[in-house]
Amino acid sequence: MHHPRLLLAEDHVETAELLCEVLQPEFDVIARVQDGVALVAAAERLEPDVIVSDITMPGLDGIAAAAEILRHNAAARIILVTVHADPLLAERSLATGALGYVLKRMAGDELVPAVQSALRGEVYVSQLVNPRRVRPPR
């Protein structure tokens, strides 16, 4: 059975391992990187079906990396993960063209559905982020 190919960007090794545990039953995690510069390069080289990226990373943050990736590949499907339940940060993330904003503490329940939504071209915002305060991109 073919699983969608996923690229993971997370600078904390333990968190990356936990996210892989959540993702690997449904997706083929083809690479893990630890910073935004490496993410941009890996996304171009590997052409994954979906990208899951932390927002706060060294060098180039996840939002800036997402914007750079989408500038070169408008069809890229990106989910951003974070510890910040901030509707304005979620809105800013989605404004770059990312299709998801998932809180790390909810990843066990929400990350797989968020990736599945992104694969369908749909937006997913973590349940704990007040959805009434997040305006989807136009």
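This is a predicted model: local features need pLDDT of at least 70, side-chain atom pairs count only at pLDDT 80 or more; totals for chains, interfaces and linings use all residues.
I will start with helix H3, which covers residues 62-72. Which of its residues are buried? They are Gly62, Ile63, Ala65, Ala66, Ile69 and Leu70. These residues lie on the same side of H3, because they span an arc of only 160 degrees around the axis. As a reminder, an α-helix has 3.6 residues a turn, so residues three or four places apart point the same way. On the face of H3 turned away from the buried side you will find Arg71 and His72, both exposed.

What covers the buried side? For the buried residues of H3, the cover includes helix H2, at 36-46, and helix H4, at 87-95. It also includes two strands, S3 at 50-54 and S4 at 78-82. At the start of H3, look at Asp61: one of its side-chain oxygens comes to within 2.9 Å of the backbone nitrogen of Ile63.

Now helix H2. Its buried residues are Gly36, Leu39, Val40, Ala42 and Ala43. Their cover includes strand S1, residues 5-9, and strand S2, residues 28-33. S3 and H3 are also among the elements covering them. The start of H2 has a contact of its own: a side-chain oxygen of Asp35 lies within 3.0 Å of the backbone nitrogen of Val37.

Just after H2 comes Glu47, with a positive phi of about 45 degrees. Note that this is a positive value in a residue other than glycine. Glu47 sits in the loop between H2 and S3. Is Glu47 buried or exposed? Its relative accessibility is 60%, so Glu47 counts as exposed.

Setting aside neighbours within four places in sequence, what does Ser53 touch? Its contacts are Ala9, Leu39, Gly62, Ile79, Leu80 and Val81. Two of those names have come up already: Leu39 is one of the buried residues of H2, and Gly62 is one of the buried residues of H3.

Next, the largest pocket. Its volume is about 170 Å³. How many residues line it? There are 14, and those nearest the pocket centre are Ala43, Glu44, Ile69, Asn73 and Ala76. Of these, Ala43 is also on the list of buried residues in H2, and Ile69 is on the list for H3. H2, S3 and H3 each give at least two residues to the lining. Sorted by class, the lining has seven nonpolar, five charged and two polar residues.

Take Ser126 to begin with, in the segment after S6. Ser126 counts as buried, because its relative accessibility is 1%. Its side chain makes a polar contact of 2.3 Å with the side chain of Glu110. The Ser126 side chain also reaches the backbone nitrogen of Leu103, at 3.4 Å. Leaving out neighbours within four places in sequence, Ser126 is in contact with Tyr101, Val102, Leu103, Met106 and Glu110.

Leu128 is in the segment after strand S6, the strand at 124-125. With a relative accessible area of 44%, Leu128 is partly exposed. Apart from neighbours within four places in sequence, Leu128 contacts Ala85, Leu103, Arg105 and Met106. Leu128 and Met106 are 22 residues apart along the chain, and their C-alpha atoms are separated by 8.3 Å.

That leaves Arg105. Where is it? Arg105 lies in the loop between strand S5, residues 100-103, and helix H5, residues 107-119. At 63% relative accessibility, Arg105 counts as exposed. Beyond neighbours within four places in sequence, its contacts are Ala85 and Leu128. From Arg105 to Arg45 the count is 60 residues in sequence, and 30 Å in space between C-alpha atoms.

The side-chain contact to keep in mind for Ser126 is the one with Glu110, at 2.3 Å.

Notes. Residues are numbered from 1 along each chain as its sequence is written. Side-chain values use heavy atoms; hydrogens and water are left out. Buried means under 20% relative accessible area, exposed over 50%, partly exposed in between (1.4 Å probe, protein chains only). Helices (H or I, at least four residues) and strands (E, at least two) are DSSP runs, numbered from the N terminus. The arc is that of the directions from the helix axis to the C-beta atoms. Contact means heavy atoms within 4.5 Å. A polar contact is a pair of N or O atoms within 3.5 Å; within protein, one must be able to donate a hydrogen and the other to accept it, and residues adjacent in sequence count only if both atoms are side-chain atoms. On a 1 Å grid over the protein atoms alone, a cavity is a set of points where a 1.4 Å probe fits but cannot get out, and a pocket is an open set with protein on both sides within 12 Å along at least five of seven lines; lining residues have an atom within 4 Å of a point. Grid points are joined across faces, edges and corners, and a volume is the space filled by probe spheres set on the points. Ala, Val, Leu, Ile, Met, Phe, Trp, Tyr, Cys and Pro count as nonpolar, Asp, Glu, Lys and Arg as charged, and the others, Gly among them, as polar.
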